[in-house]
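Please keep the sequence and the model in view while reading.

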Amino acid sequence: MFSWSGNTLAVASRVAENLQADLFRIEPATPYTTDYDEMLQIAQDEQTADTLPALAASVQNWDSYSTIYLGFPTWWGHLPQIVKSFLAEHDCSGKVVHPFNTHAGSGFANCLSDLSAACPKADVREGLSILGDEAKSSAAQVNEWVTTTA
Ligand SMILES: Cc1cc2nc3c(=O)[nH]c(=O)nc-3n(C[C@H](O)[C@H](O)[C@H](O)COP(=O)(O)O)c2cc1C
């Protein structure tokens, strides 16, 4: 899961708690700014240049996981580039991937096609997309979705 301002983290925490699953936080090796306007610009520049920022850490024992729940915010209508970095370094071929997302109105936008392009051999299932403002009050919705994925 990647979360810059905490909304996706709130959903991810609920998912992990529900499934008693391990929670891994995708983070860039060089921390992002905490300034919103700067973040908008950096994210746009990364997308334009198709930069894959270095990750702070990798998942231990990645091969032992057959199913993952991948959470991310929509950034400029797309998957954040740091999530693409993660997918480049963690092969999802043959794994079941349940995507979930928070956003400010765009929903998944192009995120799911980005995801399929980044891991074409994964079994990507139907995702859950939640308004960021509702992330912290979405427990019932998240739990219901998790139940449908189990
Ligand atoms: C760099 C950046 C770009 C964003 N682009 C979009 C967008 O294209 N569409 C949208 O609905 N929300 C957009 N947002 C809003 C976030 O998707 C939304 O606030 C989300 O819940 C943030 O999740 P987080 O708290 O886990 O980082 C953007 C936010 C940032 C910081």
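The sections below take up the basis of the model, its strands, its nonpolar cores and its salt bridges.

## Basis of the model

The model is predicted, so local features are given only at pLDDT of at least 70 and side-chain atom pairs only at pLDDT 80 or more, while totals for chains, interfaces and linings use all residues. Residues are numbered from 1 along each chain as its sequence is written, and side-chain values use heavy atoms, with hydrogens and water left out.

## Strands and crossover

Helices (H or I, at least four residues) and strands (E, at least two) are DSSP runs, numbered from the N terminus. Strand 1 is largely enclosed by the rest of the structure, because 6 of its 7 residues are buried, where buried means under 20% relative accessible area, exposed over 50%, and partly exposed in between, with a 1.4 Å probe and protein chains only.

Strand 1 and strand 2, residues 96–103, pair in the parallel sense over 7 bridges; pairing requires that DSSP finds at least two bridges between two strands. Within this pairing, Pro-73 has Thr-102 in strand 2 as its bridge partner. From strand 1 the chain passes through helix 3 to strand 2, forming a right-handed β-α-β crossover, which means that, with the strands pointing away from the viewer, the path from the first strand over the helix to the second runs clockwise.

## Nonpolar cores

A nonpolar core is a set of buried Ala, Val, Leu, Ile, Met, Phe, Trp, Tyr and Cys residues joined through side-chain atoms within 4.5 Å. The largest one has 24 residues, and those with the most contacts inside it are Leu-70, Val-83, Phe-86, Leu-87 and Cys-92. Two or more residues each come from helix 2 (36–49), strand 1 (67–73), helix 3 (81–89) and helix 4 (111–118), and helix 3 gives the most, with 4 residues.

Leaving aside residues up to four places away in sequence, Phe-86 touches Phe-24, Ile-26, Leu-55, Val-59, Trp-62 and Leu-70, a contact being heavy atoms within 4.5 Å. A second, separate core has 12 residues, among them Ile-130, Ala-135, Val-142 and Val-146.

## Salt bridges

The count comes to 2 salt bridges, each defined as a side-chain nitrogen of Lys or Arg within 4 Å of a carboxyl oxygen of Asp or Glu. In one, Asp-50 and Lys-84 have their closest N and O atoms 3.8 Å apart; this pair links distant parts of the chain, with Asp-50 in the loop between helix 2 and strand 1 and Lys-84 in helix 3, 34 residues apart. Asp-50 is partly exposed at 47% relative accessibility, and Lys-84 is partly exposed at 21%.

A salt bridge also joins the side chains of Arg-125 and Asp-123, at 2.8 Å from N to O.
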